[in-house]
Amino acid sequence: MARGFRLVFAASLLLMLLDLCRGSTIGVCYGRNADDLPTPDKVAQLVQLHNIKYVRIYDSNIQVLKAFSSTGVELMIGITNSDLLPFSQFQSNADTWLKNSILPYYPATKITYITVGAEVTESPNNVSALVVPAMNNVLAALRKVGLHKKIKVSSTHSLGVLSRSFPPSAGAFNSSHAFFLRPMLEFLAENQSPFMIDIYPYYAYRDSPSNVSLDYALFESSSEVIDPNTGLLYTNMFDAQIDALYFALMALNFRTIKVMVTETGWPSKGSPKESAATPDYAQTYNTNLIRHVINNTGTPAKPGEELDVYVFSLFNENRKPGLESERNWGLFYPDQTSVYSLDFTGKGAAVMTTESNVTSSNGTTWCIASSKASEKDLQNALDWACGPGNVDCTAIQPSQPCYEPDTTISHASYAFNSYYQQNGATDIACSFGGNGVKVDKNPSYDSCLYLTAGSNKTVASNTTAISSTSSGSTKNEVSTWICICLLVTVLSLLLNIGHAW
C-alpha cells in the first residue's frame with residue numbers, strides 16, 4: 001500500500017514539475033477577416049518557417065484544422081458569439097460539434113484550448129448570460145470522450161471587464177458583469193483553466209496621451225510608476241494592466257486562477273490622428289513584449305509567474321470596420337511578405353524593416369524559398385542545392401541550429417540562400433526554377449544564421465545580438481537546469497519504486 005502511494009505521489013509530482021518547467025510562451029492570432037489571404041496550407045508553412053509554436057483561431061474552420069495537422073503547432077480554437085445560444089441551450093449541440101468538427105482532426109492537429117465566446121461584454125447583443133452554460137456543455141462533451149484534461153475551456157475578455165485598473169492594486173471587476181463573471185470564475189478555478197484577457201496599451205496611449213507616455217506603453221520607459229498602495233514599481237503599462245487583473249481576482253478570493261493574454265499588439269498604420277501607429281513602434285512593442293515574456297520576468301505583483309501571450313495578428317485584415325489602424329495589426333501582408341520582421345524566440349535582435357528603411361543599410365539581400373512553390377518542387381530544388389549545388393547543408397540536419405522548424409520550405413530557404421551567397425548573389429543564383437525569392441530582410445532566427453555575400457560567416461552585428469543575452473535569459477537557463485535536475489530525481493524515484501515492485 002505504501003509503495004502504491006509513493007508511486008502515485010511521484011507520478012503526480014512529475015506531472016506538476018513538467019507543467020512548472022514549461023515556461024512562458026508566445027503565440028500569434030490568425031484572423032481571417034480579409035481578402036486574398038493565403039490558403040491555410042500556406043499559412044501553416046509560414047507559421048512553421050517563423051518558428052511559431054502557438055496559434056489562436058477564432059472558430060473551428062475545418063480547412064485550418066487540416067492544414068495544421070502534424071505540424072506540432074498548438075491551436076486555440078473558438079466558438080463564436082453567434083453560436084453561444086445553441087451551445088448553451090442543448091448539450092447535444094456541443095456533442096455534435098465536438099464529434100464533427102474536432103475529433104476527426106485530433107490529436108494530429110494539436111488543440112489545447114477552446115474559447116467559448118470572445119469579449120462578450122463588448123458585444124452589441126446581450127450574450128453574456130449564455131457564456132457559462134455553453135462552457136459547461138463544451139466541457140461535458142469533452143469529458144464524455146476523455147479530453148477534458150487535455151483541452152482547456154475558457155472565454156476571452158477585454159480590459160473593459162474591469163471598472164478600475166489603476167493603480168493596479170485597486171483593480172476591480174465591473175459590478176455590472178458580476179452576474180456571469182462569478183460563476184465563470186468558479187468554473188475556471190474548478191477546472192484549472194486560465195482567465196483570458198485581451199490587452200492593448202496602444203489604445204490607452206492613443207486615447208489619453210497626456211496621461212500615458214509612449215515609452216511606458218512601448219516597454220521603453222526609463223522611469224517608474226509607483227503603486228501607492230503596495231509600493232510596487234512599474235516600468236510598462238502591460239505589467240500594470242496584468243496586475244490590475246490579478247488584484248481584481250484576488251479581491252474576489254480567486255487566487256489560483258492564472259492569467260493568459262489572448263490578444264496584444266500594436267498597429268503599423270493608422271489614420272492621421274493615430275500618429276503612434278507606425279511600423280517602428282509596432283516593431284518596438286512586439287519585440288520588447290516577446291523578450292519580456294520569454295525571459296519569464298513575470299510582473300511586479302507576480303515575479304517569475306508564467307504568462308502565455310498571443311500577438312495580434314498574423315495578417316492585416318482589410319475587411320475590418322473602424323479607423324485605419326483596425327486593418328493594420330498584421331505581422332504579414334496577405335502576400336506573406338513581412339510588414340516588419342520579428343524574432344519570436346526573444347533571444348536575438350530582430351532585423352526589422354520599416355517604410356523608412358526598406359533595404360538593409362549595406363544593400364545586402366538574401367534568397368529564400370517561395371511560399372507559392374509546391375512541396376515537390378521545393379524538395380527537388382533542396383536536393384539539388386545540397387548535392388550538385390555543393391551547399392553545406394549541415395545546419396539543417398537534426399540537432400543543428402537550422403533544423404527547426406522541420407519543414408521543406410524552411411530547409412530550402414537556408415539552402416537556397418547559401419547557394420545564392422556562394423555564387424555571387426546574382427538573380428540567376430536565386431532562380432531555382434522560379435522557386436527562389438530575393439528579400440532584403442535577414443531571415444536569420446534564434447541561432448540559425450543565414451550567410452551573407454562573399455563570406456561563410458554572418459555579419460558580426462547578428463552574431464553579437466544573438467549571443468548576447470539579458471539577465472532574464474541567464475535566469476531562464478538556471479531555472480531550466482533546476483527543472484532538469486528535479487525531473488531526473490523524480491524519474492529515478494519512479495524507477496526505484498518500479499524495481500521494488
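**Barrel, helices and charged pairs**

R206 is partly exposed, with a relative accessible area of 26%; the classes are buried (under 20%), exposed (over 50%) and partly exposed in between, for a 1.4 Å probe and protein chains only. The model is predicted, so local features need pLDDT of at least 70 and side-chain atom pairs pLDDT 80 or more, while totals for chains, interfaces and linings use all residues. Residues are numbered from 1 along each chain as its sequence is written, and side-chain values use heavy atoms, leaving out hydrogens and water.

R206 forms a salt bridge with D207, with 3.0 Å between the closest N and O atoms; the term requires a side-chain nitrogen of Lys or Arg within 4 Å of a carboxyl oxygen of Asp or Glu. D207 has a relative accessibility of 55% and therefore counts as exposed. Elsewhere, shared partners in salt bridges join R56, D198 and E263 into one network. By this rule, eleven salt bridges are counted.

Another of these pairs is formed by K144 and D95, whose side chains meet at 2.7 Å, N to O. Because K144 lies in helix 6 (residues 128-144) and D95 in helix 5 (residues 91-102), the pair ties together parts that are 49 residues apart in sequence. Helices (H or I, at least four residues) and strands (E, at least two) are DSSP runs numbered from the N terminus. K144 is exposed, at 58% relative accessible area, whereas D95 is partly exposed, at 23%. E324 and R327 also form a salt bridge, in which the closest N and O atoms are 3.3 Å apart. For E324 the relative accessible area is 28%, so this residue is partly exposed.

Eight of them form a closed barrel that runs 1-2-3-4-5-8-11-12, with parallel pairing. On average, neighbouring strands of this sheet are turned by 25° against each other, direction ignored. V55 stands opposite L75 in strand 3.

Helix 7 lies across strand 5 (152-158) and strand 8 (195-198), and runs at about 140° to strand 5. Such angles, from 0 to 180 degrees, are taken between the N-to-C directions of lines fitted to C-alpha atoms, for helices over the stretch in contact. H177 is located in the loop between strand 7 (172-173) and helix 7 (178-191). With a relative accessibility of 13%, H177 counts as buried. Leaving aside residues up to four places away in sequence, H177 touches T121, G160 and V161, contact meaning heavy atoms within 4.5 Å.

Terms used
Two strands pair if DSSP finds at least two bridges between them.
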